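Dear colleague,

I am passing a structure on to you and would be glad if you kept it open while you read. My notes on what was found in it follow below.

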Amino acid sequence: MAGADKLYCLVLVMVVVCTISCYSVSADPDLLQDVCVADLTSAVKLNGFACKPTFNASDFFFAGLANPGLTNNLMGSNVTAANVMQIPGLNTLGVSMARIDYAPGGLNPPHTHPRGTEVIFVLYGELDVGFITTANVLVSKSITQGEIFTFPKGLVHFQINNGKVPAAVIAAFNSQLPGVQVIAPTLFTATPPVPDHVLTTAFQIGTKEVEKIKSKLAPKK
């Protein structure tokens with residue numbers, strides 16, 4: 001067999017192997033059953049939750065978004081989640097929701113959702129919202145009742161009620177459990193703690209300022 005023919009055969013074999021491998025990895029990427037209601041008590045660890053052997057309508061129901069959440073806290077906001085932890089029937093479906101309530105001046109502080117894009121719909125009130133790109137560009141807008149804004153997956157974002165009346169939104173996510181990391185508590189109240197010299201260098205502040213921030217953000221006992 002000529003050298004060119006050998007090379008052609010080698011390339012052909014590599015293409016076939018790669019194609020088979022790709023198909024074997026991505027085969028049946030979607031549900032293989034009608035539902036897989038999460039067994040939140042199972043010790044089985046996988047990307048999601050193991051399926052319960054039996055289920056009923058209550059596994060797909062949640063009334064928690066019907067009423068405003070309490071906003072008498074440090075930030076003046078409250079998030080009521082409606083993800084797989086509250087609705088086991090969402091397991092493997094790739095969607096979830098939340099309700100966010102804001103007192104006048106209330107802030108949903110800068111945070112990220114590492115596993116989901118977020119879309120909010122304003123129920124009432126007016127908010128200033130925004131996200132920051134990886135190029136440190138702020139994309140922001142004022143939105144009011146009936147309007148929608150989107151926060152791309154993984155990017156730092158926030159909402160603040162600059163009005164004199166309460167506000168509320170319904171948020172939707174393309175993940176059954178999008179996760180959340182609120183920037184300030186993540187850095188200043190981690191367990192075990194982030195070393196002070198990391199925080200003083202990163203924020204260009206002194207140790208006293210670090211301790212002051214930690215004391216203000218520490219969970220109330």
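Which pattern does the protein follow when read along the sequence? The protein follows the pattern α-β-β-β-β-β-β-β-β-β-β-α-α-α, with 4 helices and 10 strands, where helices (H or I, at least four residues) and strands (E, at least two) are DSSP runs numbered from the N terminus.

Before the details, please note that this is a predicted model, in which local features need pLDDT of at least 70 and side-chain atom pairs count only at pLDDT 80 or more, while totals for chains, interfaces and linings use all residues. Residues are numbered from 1 along each chain as its sequence is written, and side-chain values use heavy atoms, with hydrogens and water left out.

The chain as a whole

Of the 221 residues in the protein, 29% are buried, a word that here means under 20% relative accessible area, with exposed meaning over 50% and partly exposed in between (1.4 Å probe, protein chains only). Among the contacts with a separation of 6 or more, 67% are between residues 24 or more positions apart, contact meaning heavy atoms within 4.5 Å.

Gln-159 is found in strand β8 (residues 156-160) and counts as buried, at 0% relative accessibility. Its side chain is joined to that of Tyr-102 by a polar contact of 2.7 Å; such a contact is a pair of N or O atoms within 3.5 Å, of which, within protein, one must be able to donate a hydrogen and the other to accept it, and residues adjacent in sequence count only if both atoms are side-chain atoms. Leaving aside neighbours within four places in sequence, the residues in contact with Gln-159 include Gly-106, His-111, Glu-118 and Phe-151.

Asn-161 lies in the loop between β8 and β9 (167-173) and, at 1% relative accessibility, counts as buried. With neighbours within four places again left aside, Asn-161 is in contact with residues including Tyr-102, Gly-106 and Glu-126.

Asn-73, in the loop between α1 (3-26) and β1, is partly exposed, with a relative accessible area of 37%. A polar atom of the Asn-73 side chain lies 2.7 Å from the backbone oxygen of Ser-77.

Aromatic pairs

Rings of Phe, Tyr and Trp (its six-membered ring) pair if their centres lie within 6.5 Å, and planes under 30 degrees apart count as stacked, over 60 as edge-to-face and the rest as tilted. By this rule there are 4 aromatic pairs. The rings of Phe-188 and Phe-203 have centres 5.4 Å apart and planes at 45 degrees, so this pair is tilted. Because Phe-188 lies in helix α2 (residues 183-188) and Phe-203 in helix α3 (residues 196-203), the pair ties together parts that are 15 residues apart in sequence. Phe-188 is buried, with a relative accessible area of 7%, whereas Phe-203 is partly exposed at 40%. Elsewhere, ring pairs link Phe-131, Phe-149 and Phe-151 into a cluster.

The largest pocket

A pocket is taken on a 1 Å grid over the protein atoms alone, as an open set of points where a 1.4 Å probe fits, with protein on both sides within 12 Å along at least five of seven lines, and lining residues have an atom within 4 Å of a point. The largest pocket is lined by 33 residues, of which Val-79, Asn-108, Pro-109, Val-180 and Val-182 lie nearest its centre.

With kind regards
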